[in-house]
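The sequence and the structure are shown first, and the notes follow by topic.

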Amino acid sequence: MTEFLDLETQDAVRMPWNVIPGTKQEAAQSVIPISAIYTPIKPLPNTTPLLPYSPLRCKNCRSVLNPFSIVDFSTKIWICSFCLHRNHFPHHYQSISDDNLPAELFPQYTTIEYEPQNERPMSQFSQLVPQVFFFVIDTCMIEEEIGFLRSGLERVIGEIPGNSLVGLITFGRYVCVHELGFFGKMNKVYVFNGAKEISKDQVLEQMGFFLKKPRPATGVVAGVRDGLSQESINRFLLPAADCEFALNSVLDELQKDPWPVPADQRAPRSTGTALTVAAHLLGVCVPGSGARIMAFLGGPATEGPGSIVSKALSEPIRSHKDLDKDAAPFFHKAVKLYEGLAKQLVHQGHVLDVFACALDQVGVAELKVAVEKTGGLVVLAESFGHSVFKDSLLRVFQSGDNDLGLSSNGIFEVNFSKDIKIQGVLGPCASLEKKGPLCSDTTIGQGGTTAWKMCGLDKSTSLCLIFDIVKKENPDVIGQAANNQFYFQFLTYYQHSNGQMRLRATTLSRRWVTGPGNIQDLIAGFDQEAAAVVMGRLVSFKMETEAEFDPIRWLDKTLIHLCSRFGDYQKDSPSSFVLSPRLSIIPQFVFNLRRSQFVQVFNNSPDETAYFRMVMNRENVANSVVMIQPSLISYAFNSGAEPALLDVASIAADRILLLDSFFTVVVFHGSTIAQWRKAGYQNEPEHKVFAQLLQAPLDDAEAIVKDRFPVPRLVICDQHGSQARFLLAKLNPSATYNSDAPPMPGGDVLFTDDVSFEIFLDHLQRLAVQ
């Protein structure tokens, strides 16, 4: 595993196949697609230089000069490794020689970053605006929740950089846009009817944008902005340093929506209209800048466009069953609205973040398309008073070690050798419809393009690229020996948090093999963790887009085909079946993926399922693996912290277990430990060792929580307690209520009909050897 981690440290890329099957047929037989998980702006080791000039590009295919380019120093020509086009070096490269190489040709700099000094950002305005934060706040909540939300927001207002622009909308039955630049005795507010669709023209008209200047001829979005005075914009978007007082005074007076609500009805909440007005306003004022709409939602949308349920409390909010049977009357209409909103925000270069805190669903499943295409953040919690919300919100604005590295205005482009095409990308981005010879006929996710827009991205945002090998037949042996390398180049153009535009270029080379004797080569380059994450993203995508898709069957068939192709066995003899250590953990990953919240929708609402999938779709391999197969650490008197099997057999009365499943971190005390703790032994000086044992898992849990976004829920529980379910649900049921073997003394049994991993493995071996 370590060599794959080293590759990731250098280039921020993980690939299931690091030695690639060379023909279309062999790629299909390899079952798991040829793919890569790339983290475009992952922090690189300090040795990687930042070059203060523009990159040198191939005249033919626009790829960037890289260590794999062939250089002829005598004629000052370089040959592109992708299209083999010959390019002349420009004048300022004239002193180039074997001993005097520019940084981009150093063999160790396969990933390099450029920060051209004279290049203007994508829009003239984005240079003036480092970042824009537009708060959209739901007021249809009980007073206590509004209090929690207020204190959470007041905590972060001081953390917003002083030159960032801030705007505010509050909404309930009506949508209220607050004019933060109005310094009077009372706050000045523009009100829109939440039940109606509001167009951009209506927003401009009603908010008096053209009182002093005549309305310009209609044109592109930026054209509208040129017709506005800076004064019009400053009424609604002010630098944080200038409007902190105004913002705090509005928040201090924040009250529950005054619209009367009958006892048998839900509050009228016009979420769709509020987000539409926010998007229109940003499109007019700051097009092309790094702007974020931050929506704080406390319940389901029931009013106007984007409603997910009627106001009558007797009508339940849609469940997975309703969606399967097409019995959710509001769903498709709401999704259509948010698809339109997503398109508008991507065009404007703006991001939608959602912080949803409620015991009920708020409509995250419908909002998913807009959040994902704009690269927004999403946090789901039960209350605005919960640490999951408060600490996650704080992390967004923190700088220093805990900085999320929020960047904006990203454009991601790809280039490959001629025998590879791209099927598409699974992850937080939107297609730029740049078709070309590198696009495959089959599409997955955001496909049919070689360029994508990433309105918002951060240090851990990761894209999963799915490739197609198009070489049909085995080439002759001489040709194969001459050049058996595939080349990939990923270009990410983005606005760094310091306001400068940067370009990061990552160029990879991977060896391809073909022919019947090459199975061992393929196995040697197989990355099990990356393969599990690609399968997780693929199965989630298929569940959402294919009507009659059976995820369990698909995962089982994929695993059986993989094992029968790469396993070592005699036909029809299950006992002879052996998997190479390079593949030995993949059955375990698939077993846990089948039981995970990405595949099992029972017991989860559509909002929760959408949330889990959105987070997995943007996280890197290390974090995604923890979501699929949680890590378990055991603490006992006679041994320090050590990894434990994710199995019910790991539970013991005199042990503490620490489970990390990414969304939840559980500290679980065995029954004896719990009794001693309740008796207070840890407070007595002679039981200092016990106090240390209790403290160790808590310290480790704190370290996990501190480094993660969204901040996970911390659960501290005891064996046989009600909260122990958070641990038990994730364990392999090797001892259940109907298994023959009795549990270990002080251990536990699971009340489940799920099959255990041992039975799963038996079936797998039997089917693989057929």
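Leaving aside its neighbours within four places in sequence, with which residues is Pro52 in contact? The model is predicted, and in it Pro52 contacts Glu115, Pro116 and Gln117 once those sequence neighbours are set aside.

**Pro52**

- Pro52 is placed in the loop that runs between strand 4 (50–51) and strand 5 (70–72).
- Pro52 and Gln108 are 56 residues apart along the chain, and 19 Å separates their C-alpha atoms.

**Arg173**

- The loop between strand 10 (165–171) and strand 11 (174–179) holds Arg173.
- Arg173 has a relative accessible area of 13% and is therefore buried, the limit being under 20%.
- Not counting residues up to four places away in sequence, Arg173 touches Asn193, Gly194, Ala195, Asp257, Trp259, Pro268, Ser270 and Glu303.
- The C-alpha atoms of Arg173 and Cys140 are separated by 8.3 Å, and the two residues stand 33 residues apart along the chain.

**Ala768**

- Ala768 belongs to helix 23, which covers residues 757–768.
- The relative accessibility of Ala768 is 2%, so this residue counts as buried.
- Beyond its neighbours within four places in sequence, Ala768 is in contact with Ile560, Cys563, Ser564, Tyr569 and Phe577.

**Backbone features in loops**

- Ala12 has a phi near 60 degrees, which is a positive value in a residue other than glycine.
- Ala12 is located in the loop between helix 1 (2–11) and strand 1 (13–14), and its relative accessibility of 1% places it among buried residues.
- Phe662 is not a glycine either, yet has a positive phi of about 75 degrees.
- The loop between strand 26 (656–660) and strand 27 (664–669) contains Phe662, and this residue is buried, with a relative accessible area of 0%.
- A cis peptide bond joins Phe709 to Pro710, with omega near -5 degrees.
- Pro710 sits in the loop between helix 21 (688–706) and strand 28 (713–718).

**Packing of helix 3 with helix 7**

- Helix 3 (residues 143–157) packs with helix 7 (residues 240–252) at an angle of about 170 degrees, and their axes are 10 Å apart.
- Helix 3 and helix 7 are therefore roughly antiparallel, a term that applies to angles over 145 degrees.
- On the helix 3 side, the residues that meet helix 7 are Arg150, Leu153, Glu154 and Ile157.
- On the helix 7 side, the residues are Glu244, Leu247, Asn248, Leu251 and Asp252.
- Sorted by class, this contact comprises four nonpolar, one polar and four charged residues.

**Helix 12**

- Helix 12 (residues 387–397) is mostly covered, with eight of its eleven residues buried.
- The buried residues of helix 12 are Val388 and Phe389, then the run Ser392, Leu393, Leu394, Arg395, Val396 and Phe397.

**The second largest pocket**

- The volume of the second largest pocket is about 1300 Å³.
- Its lining consists of 41 residues, and Phe541, Met543, Glu544, Thr545 and Arg613 are those that lie nearest the centre of the pocket.
- At least two residues of the lining come from each of helix 9 (320–324), helix 10 (331–348), helix 11 (364–373), strand 18 (420–426), helix 15 (528–545) and helix 18 (606–616).
- By class, the lining of this pocket contains 18 nonpolar, nine polar and 14 charged residues.

Key:
Residues numbered from 1 in each chain as written. Predicted model: local features only at pLDDT ≥ 70, side-chain atom pairs only at ≥ 80, totals over all residues. Heavy atoms only, no water. Helix = DSSP H or I, 4+ residues; strand = E, 2+ residues; numbered from the N terminus. Buried < 20%, exposed > 50% of the residue type's maximum accessible area, 1.4 Å probe, protein only. Contact = heavy atoms within 4.5 Å. 1 Å grid on protein atoms, 1.4 Å probe; cavity = no way out; pocket = protein on both sides within 12 Å on 5 of 7 lines; lining within 4 Å. Points joined across faces, edges and corners; volume = space filled by probe spheres on them. Nonpolar A, V, L, I, M, F, W, Y, C, P; charged D, E, K, R; others polar. Axes fitted to C-alpha atoms, helices over the stretch in contact; angles between N-to-C directions. Parallel < 35°, antiparallel > 145°, perpendicular 65-115°, else oblique.
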